[in-house]
Amino acid sequence: MQMHTDDELYQVDDVFLGPRGQTWPFRVRYRAYAIGGAVFGAIIAVEMWVGIVGLWPAVFGLLTAIWLTQRAMDHVDHERTIRSAATTLWHEITAPRRGRSGATRARMSLTSVRRTR
Amino acid sequence: MSMSHKKKPAGRPPARRLLDRLLTTKTHTRDRAYSSGLQLTDVIGHLAVSRTGQVTAWYVAAPQRWSFRTDSDRNWLITAHATRLAELTGRRIHLRITHRPYPVHRWAEALHHATLDPLPGWERYLEEEQRKIARLPLDDKIVYYGVRVGRLSSAGRSSARLMRSAITRESSAIADQAGIVDRIMAAPGMDARPADPAAMDWLLTRSIGLGLPAPVVLPRPSGVWTPEDIAEWTEGIEWTAPDPYSPHIKVSGERDGQRVERYVTVTTLGQMDLPAIPESGYGPWLQRLDRLPFPAEVSATIDVRDGKEANREVLDQLARVQAQRDHHAEHRVAEPMSLARQGALGQIIEDDVRSNFSGLSTRVQCWVRIAVSGRDPEETRARVRMLTEEYTPRVTVVRPAGQYTLAREFIPSEPLAVDSHKRRMPVTTLAGALPAASAEVGDRHGPNLGFTSGITRRPVMWHPWRSQEVRESSGLTPVVGSLGAGKTVLCGQIVYNTSRMGVPWVVLDPSGPVTRLCSLPELRPYSKAIDLMRAEPGTLNPFRIIPDPDPAHYRPDAEEYRNESDPQSAAEDAYRSAVANAQSQRKTLCMDVMSGLLRSQITDSEMTQRALHLAARRVDATTHASPRDFLTALRQLEGSLEEHARDIAELLEAAAELPQGQLIFPRVEAGDDRYQSAHHRLVVMSMRGLTLPTEGSSRAEWSLEEQYSMPLLYLAGWYAQRSVYDRPMSDRKGLWLDECHEMLRVSSGRALLRKTGRDSRKHNVRALYGTQDAGDILTADISNWVDSVFVGRTVGAEAQAAALRLLGIDPGNGYESVLAGLSQRTRGSDQRRGSREFIWSDGDGGIERITVTLDHRPQLRDALDSTANPHKRTATPAENPYVTLSKGGGAS
């Protein structure tokens, strides 16, 4: 019996080649634009909040946003969505651990017993 | 509070319990002192309830045989499994595979309890065997399916006290759903039964203590667990993630009074490119885990998708593909080839989902996690590497981040940690995983035979009398194989092990090497080697070697007569019939022997046959008769046969004077020699010097020695078989007849094997028939009494087809080459084959390839080594007369 999977159908690269009639020299996925836009907006918001406004801070913010987006896209592919990457990051932050000295730094384990009253 | 669980009174039926629990949840909350951090709050029977009210019904799947089935059988199994999964459309399934270790000491305990009156040195034997078996994994795979059957709304649970009717309706709807799922899970292809309290207890113990060693002792669980009880499971168990993005988590807990730590890594299955199963020989894709030398835990979350929903998603994907193609065309940029492929695949899937109504086009999405654990991070890493190599290159094994939450997925009722690495496939591909496929063979009560050498490498045990004592089956075991297949090694090992258990054996080994068993120090005081060729004259008297039935075996209170209207007369009738049968067999045997002593030209004549028949009719066929009475009867024949009969009697008289003939014709009535088989645990009868005819040669070509050897052989068979009746009926006994293919040439030989088979259950006999050709067994009409079969290396198309039929496998499915490839030697290798391979059908549904090795018992191995070895004779090798020459030609 043939053992097919449907996985390939869900591995479509949604790339944006540029506006109609203008083909850009690079191919970037739509979701990268979405992440980049959000990151850039956040950087600009932070800059404005601390009072740094101007062309150069905006250029610096753009370059930082591109760099951060590239790093973020390393963790996003057909197998891992943006949401799952963010969820995983949250899971790593909140996972229970023991301090280096051996003392409990965070809650030991979600499976351990706790009193309810 | 410790990890031990509270004992509770036996529970009422689960359905009633479910209702009770649901109605009383609120009132009990105030009394609850502890709660776990798990989603699981209640377990009622096989139903698990989560904090969110999700109710999951848990089932345990029965093992499915995969080895040595035809491809059509395997395809049927996959299709049936897929159909069952498709019937669960719209539900989430949690597949969990875990293991139940079978401690070696528990096997030794079971074997000890199954042993009666062992030989001295039994404790040492048990210890040696335990050491050998401990080197291989001895655990049982348990496959659980958790199927969501519904959800209890929080509003309904909260208002339980106010609106009793609302919660009653809700719980009865869940009970209905559970009933539907119960029926689906019990159907062929799934063969799963609701998990009993012990199974639920084991699932929770193994899931919460993920990767920890299994506890040796578990208290008897009850059918209902409250949140407080579940909190007790988690007490003392700690799960921690050492560092951010650490490749493992650390699980620690108490096991049998000691603090234990394990490092657990959770992997997930990524891209798959599976070949056709079973046609490619790849095997079920989750069964591959059985090949690993360590147990791996599996947790798969499976959503069986509704057809409309799946179709909508496929159409959305097709639209995405088309949009990308249009976008590339708009920019006049060559589109990636994958887009065209994806478009074509999407259309095929869409058509399949829309037009296939068999249920086999149902789509599933699943997340398959595999957890491996080790004592330290290095061991865990090495095991992950082995797991990855096992699946390479067909399946990608990924180790994702977020190990802590991924590991929690293994606990029942915990949610899916993360959506990544989702696999989408038709239900048939998921069915190709067939996690319950098993390579089980043998039992856990008998001595060790060796280990399986097919998919997995696990110890194989067999209790040769369990078939008769428990399954009420017969005890006939043909051991088939060409020359050098290892029949002697296998049978010798069975005889050795069970002799040490105290079971008496009688062995007929015409060629004689097995007599060396009697010289082993541990068996020597209890065994006796008899060379029948040097026995007292008349030892093989055909009238004496078939005993009269014992009246004690035909008592009216016996099981078979108890239900008769008149047990007394039924038992007497049966006894009389058995006496008449024995007399008839003696006459037939005597005729066969007399025919065998004559040249074929004389035997084949009609007059000879008539004379022999008439003489046999006149002779008194009691145990006190003699073949000389038969000669007298021949001489007394009158009429047209008178002269011919006298000539035959003269010829037979001449044969009686020869040494071989003297064994058959007693000078005077011999005494009772049955004390030998009745007083020794192991009696090995050999016939050294017996020259058996060449395989396939016609009777006319036989020399005088060869001609006399045949009657002696099957008389010896009867002589050995007689021992079965010397001991109490229910006592365990063993009978090993070698060279059975020779006995099957004559009617009395076939009758001997049939009689042994027929009496094997009643007299609790395990009979091993060593033969070179399975076809003889099939044509001898003894297949009905065959319980288990061992087939060693077999060459020749006809012999292979017969061996497969004997195993219950249809020939023509490619297993012929497996038989030819058993115990294969490497070309050019000077090493002797230390171990031998067999295909073993255990009579209880299991068929596997096993390897029999005696490396841990060198003395036994040497005793059973029937391969020619000229060095055996000289204690010290002669001095090497050769010298190394120097370049110049002189001796150095």
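**Confidence**

The predictor gives the complex an ipTM of 0.83. The pTM is 0.77. For chain B, pLDDT averages 84. In that chain, 88% of residues reach 70 or more.

One covers residues 22–33. The model has 16 contacts beyond four places in sequence for residues 22–33 of chain B. The other stretch covers residues 887–892. Where pLDDT is low, the predicted coordinates should not be read in detail.

**The chains**

Chain A has 117 residues, of which 19% are buried. Its secondary structure consists of three helices and three strands. Read from the N terminus, their order is β-β-α-α-α-β. Take the contacts in chain A between residues at least 6 apart in sequence: 32% of them join residues at least 24 apart.

Chain B has 892 residues, and 47% of them count as buried. It holds 30 helices and 28 strands. Among its contacts between residues at least 6 apart in sequence, 76% link residues at least 24 apart.

**The interface**

Two helix pairs are described here.

Helix α3 spans residues 104–113 of chain B, and helix α4 spans residues 122–133 of chain B. They pack at an angle of about 145°, and their axes are 10 Å apart. The crossing of α3(B) past α4(B) is right-handed. From α3(B), the contact uses V104(B), H105(B), W107(B), A108(B) and H112(B). From α4(B), it uses L126(B), Q130(B) and I133(B). The residues of the contact of α3(B) with α4(B) comprise five nonpolar, three polar and no charged.

The other pair is α19(B) and α21(B). Helix α19 runs over residues 606–618 of chain B, and helix α21 over residues 642–657 of chain B. Their axes lie 10 Å apart, at an angle of about 80°. That angle makes α19(B) roughly perpendicular to α21(B). M607(B), T608(B) and A611(B) make the contact on the α19(B) side. H644(B), A645(B) and I648(B) make it on the α21(B) side. The contact of α19(B) with α21(B) has four nonpolar, two polar and no charged residues.

**Backbone points in chain B**

| Site | Feature | Angle |
|---|---|---|
| I277(B) to P278(B) | cis peptide bond | omega near 10° |
| T392(B) to P393(B) | cis peptide bond | omega near 5° |
| L434(B) | positive phi, not a glycine | phi about 30° |
| N764(B) | positive phi, not a glycine | phi near 55° |

Where do the cis prolines sit? P278(B) is in the loop between β12 (258–272) and β13 (297–304) of chain B. P393(B) is in the loop between α11 (377–391) and β15 (395–398) of chain B.

L434(B) lies in the loop between α13 (427–431) and β17 (437–438) of chain B. N764(B) lies in the loop between α26 (747–760) and β25 (765–771) of chain B.

Is L434(B) buried or exposed? L434(B) has 25 C-beta neighbours inside 10 Å, so it counts as buried. N764(B) has 22 other C-beta atoms within 10 Å, so N764(B) is buried too.

Technical notes. Residues are numbered from 1 along each chain as its sequence is written. Chains are lettered from A and ligands numbered from 1 in the order in which they are written. This is a predicted model: local features need pLDDT of at least 70, side-chain atom pairs count only at pLDDT 80 or more; totals for chains, interfaces and linings use all residues. Axes are lines fitted to C-alpha atoms, for helices over the stretch in contact, and angles run from 0 to 180 degrees between N-to-C directions. Helices (H or I, at least four residues) and strands (E, at least two) are DSSP runs, numbered from the N terminus. A crossing is left-handed if the near helix is turned anticlockwise from the far one by less than a right angle, and right-handed if clockwise. Two residues are in contact if their C-beta atoms, placed from the backbone, lie within 7 Å. Ala, Val, Leu, Ile, Met, Phe, Trp, Tyr, Cys and Pro count as nonpolar, Asp, Glu, Lys and Arg as charged, and the others, Gly among them, as polar. pLDDT is the predictor's confidence in each residue, from 0 to 100. Angles under 35 degrees count as roughly parallel, over 145 as roughly antiparallel, 65 to 115 as roughly perpendicular and the rest as oblique. A residue is buried if 20 or more other C-beta atoms lie within 10 Å of its own, exposed if 12 or fewer, and partly exposed in between; C-beta atoms are placed from the backbone.
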